[in-house]
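This report describes the fold of a single protein chain for a reader who has the coordinates at hand. Please consult the sequence and the structure shown here alongside the text.

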Amino acid sequence: MNGIACVSVRTAFGSYLRAADGGGTHTAVHIHLTACPTCRGAWNRYRWDQASASPLVRELRDFLGEEFTPYLDSAAALAETWRQADPRSVEDVAAFFRASTAYLYNLTIWQASGNRPDYTSAAIPALLDHRVRTVLDYGCGIGNDTLPLLETGFGVTCCDYDSPSTRFLRWRLRRHGHDATVVEPGEVPAELAIDALWIVDTLDHLADLDTALGTLLRRVRVVVCENLTVRRGVSGKGFHHHRPAEQIAAAFTRYGFRSLNQAAEDGAVMIWGRAPTVAAPPGPRRSAPAPPWPAAANPPRCRQPPSTGPR
Ligand SMILES: [Zn+2]
C-alpha cells in the first residue's frame, strides 16, 4: 500500500528513526505510517525498544510509578484524546494540554528513542557566539532542551502550561539538582531578563503568533526555532497550525529579526537575531574573554529533523 510494502517500511525503521534518510524513503515511510495501523503499531513498539535503555524512560517510570504504561502508543492516544476533546478555542486547547498524559509520553518517547533532533547541540555554539546568557524555553514540555541548556550554564526560565509534562519537568529538575522557574504562557515576569527566546516545536501549537509572542519578541534579541523548512507533521484537525516557513519568517522580520544561519538549511534549528545585536566581533570568540558560563560539553552536530508530532 502507498507505494511501499509493509516489510520495506519495517526494514527502514532504523533510518527513519534517526532521520538518516531525509529523502524519498523517509517520506514514503511517513506516508505509509499515516495510512497503515499495523505498521504504526510496529513503529511504536520499535521506538520503545530503542528507548528501553534510555535514562529518560527510566525517569518516566520512576516518576509515574505504578501508573507507568509500558509500550503506550502515545501518538494514537494523543490523536484519540484530541478527537474526543474536540477543542474549539484557545482555552479548550490549553485545557487539553493541561490534562494530557499522552503528551507526556509522546514527548518522552520522541526524545528517548533518538527520534528527536539534537536541537541544543545545534544551537548552543551560536547562542554562545551571540553572548546569550538567559533563555526562555517557551513550550518547554518535559525539559528535553531545558536540561542541556542548564547544564551548559545558561540561565533558563521554563514556560508551559501546568500539565503532566511540566510536573515531570519539575521532578526532573529536582532530580538533576537544578533550580529553574516554570511559568505559564502569558505570565512571563516583565522584569525577567531574557536574551533568547527558545521556541522549538511550539510555533505550530500557537493559534496567533502576535498574541502569544509579540511581547516576548520585543524583549529578546535572539530567537531559536526548529528548522521550519523541513516538512512538519500532520495530526488531528487543529492540533497543529501549519504555517509556511515564509509566513513565520515574515512575522519574525516584523519584529526586527533576521536569519543568522540562513545557509544551514539542513540543520536542526533556525536562529534569528535582532539588528543591531549581531555576532560578536571577528577573532577568537568562545575563548576570549572567557564567558561566565562553561563552553558546550559536546561538539555541535546537526541532523535532519524528522517531521513533528504526534510522533
Ligand atoms: Zn504497513
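## Overall composition

The structure is a predicted model. Its protein chain contains 13 helices and seven strands. Of the 311 residues in the protein chain, 38% are buried. Among contacts in the protein chain with a separation of 6 or more, 74% are between residues 24 or more positions apart.

## The sheet

The seven strands make up an open sheet with mixed pairing, and their order is E3-E2-E1-E4-E5-E7-E6. Strand E3 (182–183) and strand E6 (257–259) are the edge strands, each pairing on one side only.

Strand E7 has antiparallel partners in E5 and in E6: five bridges join E7 to E5, and three bridges join E7 to E6. Opposite Ile 271 in E7 stands Val 224, while Trp 272 in E7 has Ser 259 opposite. E7 is mostly covered, with five of its six residues buried.

Helix H6 (residues 74–85) has twelve residues, which at 1.5 Å a residue should span 16 Å; the end C-alpha atoms of H6 are 16 Å apart, so the two values agree. Ser 74, Ala 75, Leu 78 and Trp 82 are the buried residues of H6. They lie on the same side of H6, because the arc they cover around the axis is only 105°. Arg 83 and Gln 84 are exposed on the other side of H6. Helix H7 (90–99) and helix H8 (101–112) are among the elements that cover the buried residues of H6. Just after H6, Asp 86 adopts a positive phi of about 45°.

Two packed helices are described by the angle between their axes and by the distance between those axes. For H6 and H8, the angle is about 145° and the axes are 8 Å apart. The crossing of H6 and H8 is left-handed. On the H6 side, the contact is made by Ser 74, Ala 75, Ala 77, Leu 78 and Thr 81; on the H8 side, by Ala 102, Tyr 103, Tyr 105, Asn 106 and Ile 109. Of the H6 residues in this contact, Ser 74, Ala 75 and Leu 78 are also listed as buried.

## Helix H12

The buried residues in helix H12 (residues 209–219) are Leu 209, Ala 212, Leu 213 and Leu 217. Viewed down the axis of H12, these buried residues fall within an arc of 95° and therefore line one face of the helix. The face turned away from the buried side of H12 bears the exposed residues Asp 210, Thr 211, Thr 215 and Arg 218. The cover over the buried residues of H12 includes E4 and helix H13 (245–254).

## Selected loop residues

Two loop residues have positive phi values. Tyr 71, in the loop between helix H5 (55–64) and H6, has a positive phi of about 60° although it is not a glycine. Tyr 71 counts as exposed because it has 12 C-beta neighbours inside 10 Å. Asp 201, located in the loop between E4 and H12, has a phi near 55°, which is positive in a residue other than glycine. Asp 201 counts as buried because 24 C-beta neighbours lie inside 10 Å.

Gly 114 is placed in the loop between H8 and H9. With 17 other C-beta atoms within 10 Å, Gly 114 is partly exposed. Leaving aside residues up to four places away in sequence, Gly 114 touches Leu 17, Arg 18 and Gln 50. Gly 114 and Ser 54 are separated by 60 residues in sequence, and their C-alpha atoms are 9.3 Å apart in space.

Technical notes
Residues are numbered from 1 along each chain as its sequence is written. This is a predicted model: local features need pLDDT of at least 70, side-chain atom pairs count only at pLDDT 80 or more; totals for chains, interfaces and linings use all residues. Two strands pair if DSSP finds at least two bridges between them. Helices (H or I, at least four residues) and strands (E, at least two) are DSSP runs, numbered from the N terminus. The expected span of a helix is 1.5 Å times one less than its number of residues. A residue is buried if 20 or more other C-beta atoms lie within 10 Å of its own, exposed if 12 or fewer, and partly exposed in between; C-beta atoms are placed from the backbone. The arc is that of the directions from the helix axis to the C-beta atoms. Two residues are in contact if their C-beta atoms, placed from the backbone, lie within 7 Å. Axes are lines fitted to C-alpha atoms, for helices over the stretch in contact, and angles run from 0 to 180 degrees between N-to-C directions. A crossing is left-handed if the near helix is turned anticlockwise from the far one by less than a right angle, and right-handed if clockwise.
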